[in-house]
Amino acid sequence: MTHVTDSHRTALRTCPLCEAVCGLELTLDSADRIVSVRGDHADPFSKGFICPKGATLGHLDADPDRLTGPMIRDRATDTWRAASWDEAFGVIRERLPQVSGAFGNQSVGLYLGNPNAHTVAGALYVPLLIRALGTRSLFSASTADQMPKQVSSGLMFGDPLTVAVPDLDRTDYLLMLGANPLESNGSLCTAPDFPGRLKALRQRGGRFVVVDPRRTRTAKLADEHLFVRPGSDAYLLFGIVHTLFAEELTDIRVEVNGLDEIRAAAAGFPPELVAERTGVAAETVVRLARELAAARTAAVYARIGTCTAEFGTVTQWLVDVVNVLTGNLDTPGGAMFATGAALGIVRSRPFRTGRWGSRVRGLPEVMGELPVATLADEILTPGEGRIRAMVTVAGNPVLSAPGSARLDAAFGALEFMVSVDRYLNETTRHADVILPPPRVVQSPHYDFALLNFAVRDYARYSPPAAPLGEHELSEAEVLARLALAVCGQEPQPGLDPLTVVDEIVIAGTLHKAGMADRRAELRGANTTEQRLDLMLRLGPFGEWAAEANAPAVQPGSSDPAGAGGDAAAEDWAGRLNLQVLLDNPHGIDLGPLRPRLPRVLRTTSRKVELAPAELLADVARLRARSGDRQPEMVLVGRRQLRSNNSWLHNVRPLVGGSNRCTLHINPEDVARLGLNGQAVVKSAAGAVTVELELTEDIMPGVVSLPHGWGHEDSAQAVARAHAGVNANVLTDDSLVDVPSGNAVFNGVPVILTRV
């Protein structure tokens, strides 16, 4: 929706910068520049909430260092020049098939960055690129972030996208580990105004406990904060499980397999052993178990601090084991499963990993991709199947992946590289061709992925707020033409490749649904919108769901019995399509989360698998490590409210103040080690020199660096002026969480010395 007043107009859209999906109200001038940003108070989910990142969307959109057209690099001089789209795709069409033709499809790798989860093009057209490349050398930010949660969910529920989230608005007790949503805005838990929701929990008499090696802004809001040694969260959760069984506090309300096996596994983790490993007193472990069991409703939630540790998958598994054992899985006020409005992937077979392995280290495939921790191995190690060319889409792994110095060198050794990115950054500087997407306001927005992890069912679509220029391509067009180019093909005269792709997908989806004669009913300004219309019509709330015999929300179920007194949203069951979202530009509240088991289970047993064999195998490794000597100092990461991974450091209003690249360290450690204003931090992988920031908000023996910095050679002026250091110079790409292959960023042993 757009409202025009004099030379300015107002446009509504969803913020694309993080997982909170906040509604924004943008004011644009006659040249389609953003002149102001406010929270959309009419959005039923975010209700006007906005964070500093969203408030500066106009600065990001107008960034003078943003690329506005294709760029081609002259390797001989390492210089860049502007190029037309036809020339850029022509270079790709010539060079990339040469590599794959000579060395096979596996010699071309693909890396997908985090922003792909926030764009329509990333959701709908990246799969086209993957099929065109025909490679198993696929990597993404998922294995530097959330893969442990997806693996544990896949093994327990049969589908890695069936992820339980805390029902924040109705729970009476929340135990949070390794998460800092007051600064991250939430992760694998889509909840705009996370701070307000946590405050409301306490105001209604609930209890909120945070377990973290840092006293974060979130921890300071909690009723209780417990310091815990980095990487030991699995021990703590096992201590809770042990107590639930030992004191007969379990209350299982869903059908499960493996109860005896999990009881036996937990027997080896009594609170006394757990206390030695975690630093959390045995009596506190017991008390947490009793509190969770006694609460009317409760939920355990753990995020990136626990995922990016050596036992990340076991930790995420135990989160849901505790939720099951206390009767809080799939129960209002507990941990529940969101219902995304758009038709997603319908898995027909139970989830498994390791369908193939990485060439060099034999690390298992998960969800079709290999761990980013072994990407440098696959490029640098000679032999058949070696990666010799790369395509990156919206990612900067040189800063975000472990062992970044080695990965930087690996990218420099490639024979050819293409990047779809808005910036010339630490990764894309190695590319031969850069293809930039258009401005944020020129792109449509629908959160295909994130609304599957929302704490309340919700849908909102934002059409482009500004038109494309004469020589600009949409991100969807860029990806569609790139898919042709990597196959050595060019568009056929008179045929738009994007439309051709969309029509094939639409026809196939309608045929599968038994509705091939309904094509003419789809609405939208283009075939991309018509695909969204089809996904909404066939989705759980869609008007075609019942006809297509698809899983559907039943009319009258927007506020199920026992939902905890939440006022029912308007009943949208059987009504959704694109036009409904266009008619409701502020978004639609689809109601509180509903119980969804056993319908969403894809396990062979159609029960929750409490004790998957793959995870029990890793428990043996966990138990064997319980007596290991603790390093004197370890490194953990740090989220910052005005930062987003590596790509908001060029927005001037967001840099400075608390958003600095410093090393948080406890004053006790400074005195003990005889440090001054700076220190050399050394690990097995490398060393950095960094400014110290003394704070008692971090436990002794732990230091913390934010990730995504290290811009000393950046082409972005503001980022270069506030370069910081790259924390991933210190992380070791040889160390991964075994079941998921996820990189380990927390609990890294380090040595600190004076400068």
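Predicted model: local features only at pLDDT ≥ 70, side-chain atom pairs only at ≥ 80, totals over all residues.

**Helices, bridges and loops**

Student: Is the crossing of helix 11 and helix 12 left-handed or right-handed?
Tutor: Residues are numbered from 1 along each chain as its sequence is written, and side-chain values use heavy atoms, with hydrogens and water left out. A crossing is left-handed if the near helix is turned anticlockwise from the far one by less than a right angle, and right-handed if clockwise. For helix 11 and helix 12, the crossing is right-handed.

Student: Which residues make that contact, and how do they divide by class?
Tutor: Contact here means heavy atoms within 4.5 Å. Helix 11 brings Pro271, Glu272, Val274 and Ala275, and helix 12 brings Ala282, Val285 and Val286. Ala, Val, Leu, Ile, Met, Phe, Trp, Tyr, Cys and Pro count as nonpolar, Asp, Glu, Lys and Arg as charged, and the others, Gly among them, as polar. By that scheme, the contact of helix 11 with helix 12 comes to six nonpolar, no polar and one charged residues.

Student: What is the orientation of helix 11 and helix 12: roughly parallel or roughly perpendicular?
Tutor: Helix 11 covers residues 271-278, and it packs against helix 12 at about 115° with the axes 8 Å apart. Axes are lines fitted to C-alpha atoms, for helices over the stretch in contact, and angles run from 0 to 180 degrees between N-to-C directions. Under 35 degrees is roughly parallel, over 145 roughly antiparallel, 65 to 115 roughly perpendicular and the rest oblique. So helix 11 and helix 12 are roughly perpendicular.

Student: Helix 9 packs on helix 12 too, so how do the residues of that contact divide by class?
Tutor: Helix 9 (residues 233-246) meets helix 12 at about 65°, with axes 8 Å apart. The contact uses Leu236, Gly239, Ile240, Thr243 and Leu244 of helix 9, plus Val285, Val286, Leu288, Ala289, Leu292 and Ala293 of helix 12. Sorted by class, that makes nine nonpolar, two polar and no charged.

Student: Where do Asp172 and Arg296 sit, and how many residues apart are they?
Tutor: The two form a salt bridge, with their closest N and O atoms 3.3 Å apart. The pair links distant parts of the chain, with Asp172 in the loop between strand 9 (165-166) and strand 10 (173-177), and Arg296 in the loop between helix 12 (282-294) and strand 14 (299-302). Helices (H or I, at least four residues) and strands (E, at least two) are DSSP runs numbered from the N terminus.

Student: Which residues does Ala431 contact beyond its sequence neighbours?
Tutor: Ala431 sits in the loop between strand 17 (416-420) and strand 18 (433-435), and at 0% relative accessibility it counts as buried. Leaving aside neighbours within four places in sequence, its contacts are Arg73, Trp80, Met417 and Ser419.

Student: What about the backbone: which peptide bond is cis, with omega near 5°?
Tutor: Look at the loop between strand 20 (588-591) and strand 21, where Pro598 is placed. The cis bond runs from Leu597 to Pro598.

Terms used
Salt bridge = Lys/Arg side-chain N within 4 Å of Asp/Glu carboxyl O. Buried < 20%, exposed > 50% of the residue type's maximum accessible area, 1.4 Å probe, protein only.
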